[in-house]
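Subject: The two-chain model, with notes

Hi there,

Here is the structure I promised to send over. Have a look at it first, and then read on for what I found in it.

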Amino acid sequence: MDFSNDQIERYSRHILLKDVGGIGQQKLLESRVLVIGAGGLGSPIATYLAAAGVGTIGIVDADVVDLSNLQRQILHHTADVGVMKVESARATIESLNPDVKVELHPYLIKAANIRDIIRDYDFILEGTDNFPTKFLVNDACILEDKAFSQGGILRFKGQTMTHVPGSASYRCVYRQPPPPGSVPTCSEAGVLGAIAGILGTIQAAEAIKYITGAGELLTNRILTFDALTMEFRTIPVKKTDWALPESRGGKSPENLVEYEQAYCDLETARAERKAAGFVS
Amino acid sequence: MILQINGRNETLPEDKLTISELLGIKKVPDPGMISVQLNGEILERVEFTSKVVGDGDELEFLYFMGGGSGRECR
């Protein structure tokens, strides 16, 4: 191990932990983690990974910072409105911890590019607001044998699960994206800003556990919580054929599905269903 | 019958219900917004109208949640 005096001081609380220690901290500094979405979840995720000294953090986001983001997206500050989220994220991360190298991916994740993007990373965290991307990340990680954390939030609730090769996948719980218009988004239904912090820091902890080998990951389980009652539950989830790609006897699609257009059609359908009273 | 739904026991006057009927009673606005686990097994959405639950069954209603970073269609 080759820590500078500043690093020993900066990471002293990690190094003190029996399950992390100097060896775990070295692993963190050498690790490469990808955060897909620099929003409500990506903000606490990237902030805590940066503070933890994850050596390389990749950030995927094609959007610019909007004033309505600042209620929960703590990577971005008032002066960042109108700035690319990846740029704003880089500035926040670099000012927090100069040990971290930030790699920017300022474009949309697609079936055509996702495998090349995730291939270079040790762990992937997904925090996007749309189901096409959630399924795409799941399917691509299974094809590339990547460990990842999936997270979702809405109103006062959150849920997350971790996948490592061979464990239950997102599709073991949710077979396919919800029908167009059936699920409200945070921009429609609202979300308590602190919920993003609760869920995102759980995801960040999973990434750190994966890299350092500490404890037991949230695999073959889904964690849900409701901040209105502050009840946290972990529900066992069985591994199914959906945890493996078709080429290895499973059902997870070998040819990545581009749900993109369906999602955009969904925006129209959702408005229609809302008008018809199907969605609260 | 008594069902365990999301970890809590709930008493219902009916002896049997299909998943669809139960979702209606529990005021789930749209069956498309959840995945249902019955006694540890995730059900396919097409089973909602045929699968019948009775006394002692354990169910989890797992809601789809987006969240995080929104994205405009463009």
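Before the helices, one term: a crossing is called left-handed if the near helix is turned anticlockwise from the far one by less than a right angle, and right-handed if clockwise. Please keep in mind that this is a predicted model.

**Helix H4 of chain A**

With that term in hand, the crossing of H4(A) and H10(A) is right-handed. The contact draws on Ser43(A), Pro44(A), Ile45(A), Tyr48(A), Leu49(A) and Ala52(A) from H4(A). On the H10(A) side, the residues are Ala196(A), Gly197(A), Gly200(A), Thr201(A), Gln203(A), Ala204(A), Ala207(A) and Ile208(A). Sorted by class, the contact of H4(A) with H10(A) holds 9 nonpolar and 5 polar residues, and no charged ones. Helix H10 of chain A covers residues 193–212, and its axis lies 7 Å from that of H4(A), at an angle of about 40°. That angle makes H4(A) oblique to H10(A).

The contact of H4(A) with H5(A) comprises 6 nonpolar residues, 1 polar and no charged.

How much of H4(A) is buried? Of the 11 residues in this helix (residues 42–52), 9 are buried, so H4(A) is largely enclosed by the rest of the structure. Among the buried ones are Gly42(A), Ile45(A), Leu49(A) and Ala52(A). Just after H4(A) comes Gly53(A), which takes a positive phi of about 85°.

**The sheet of chain A**

Chain A has an open sheet of 8 strands with mixed pairing, in the order E3-E2-E1-E4-E5-E6-E7-E8. Its edge strands are E3 (101–105) and E8 (231–236) of chain A, each of which pairs on one side only. On average, neighbouring strands in this sheet are turned by 15° against each other, direction ignored. Within the sheet, E1 (residues 32–36) and E2 (residues 56–60) of chain A run parallel and share 5 bridges. If you want a pair to look at on screen, Val33(A) stands opposite Ile57(A) in E2(A). Helix H5 (residues 85–96) of chain A packs on the sheet and touches E2 and E3 of chain A; the direction of H5(A) makes about 175° with that of E3(A).

Strand E1 (residues 2–5) of chain B pairs with E7(B) in the parallel sense over 2 bridges, and Gln4(B) has Glu58(B) as its bridge partner in E7(B). Strand E4 (residues 34–38) of chain B runs antiparallel to E7(B), joined by 5 bridges. Ile34(B) stands opposite Tyr63(B) in E7(B).

What does chain B bring to its contact with chain A? There, 21 residues of chain B are in contact with 43 residues of chain A. Strands E5 (41–42) and E7 (58–63) of chain B each supply at least two residues of the side of chain B that touches chain A. That side of chain B divides into 7 nonpolar, 9 polar and 5 charged residues.

Happy to go through any of this with you.

Best wishes

Conventions:
Residues numbered from 1 in each chain as written. Chains lettered and ligands numbered in written order. Predicted model: local features only at pLDDT ≥ 70, side-chain atom pairs only at ≥ 80, totals over all residues. Contact = placed C-beta atoms within 7 Å. Helix = DSSP H or I, 4+ residues; strand = E, 2+ residues; numbered from the N terminus. Nonpolar A, V, L, I, M, F, W, Y, C, P; charged D, E, K, R; others polar. Pairing = 2+ DSSP bridges. Axes fitted to C-alpha atoms, helices over the stretch in contact; angles between N-to-C directions. Buried ≥ 20, exposed ≤ 12 C-beta atoms within 10 Å, placed from the backbone. Parallel < 35°, antiparallel > 145°, perpendicular 65-115°, else oblique.
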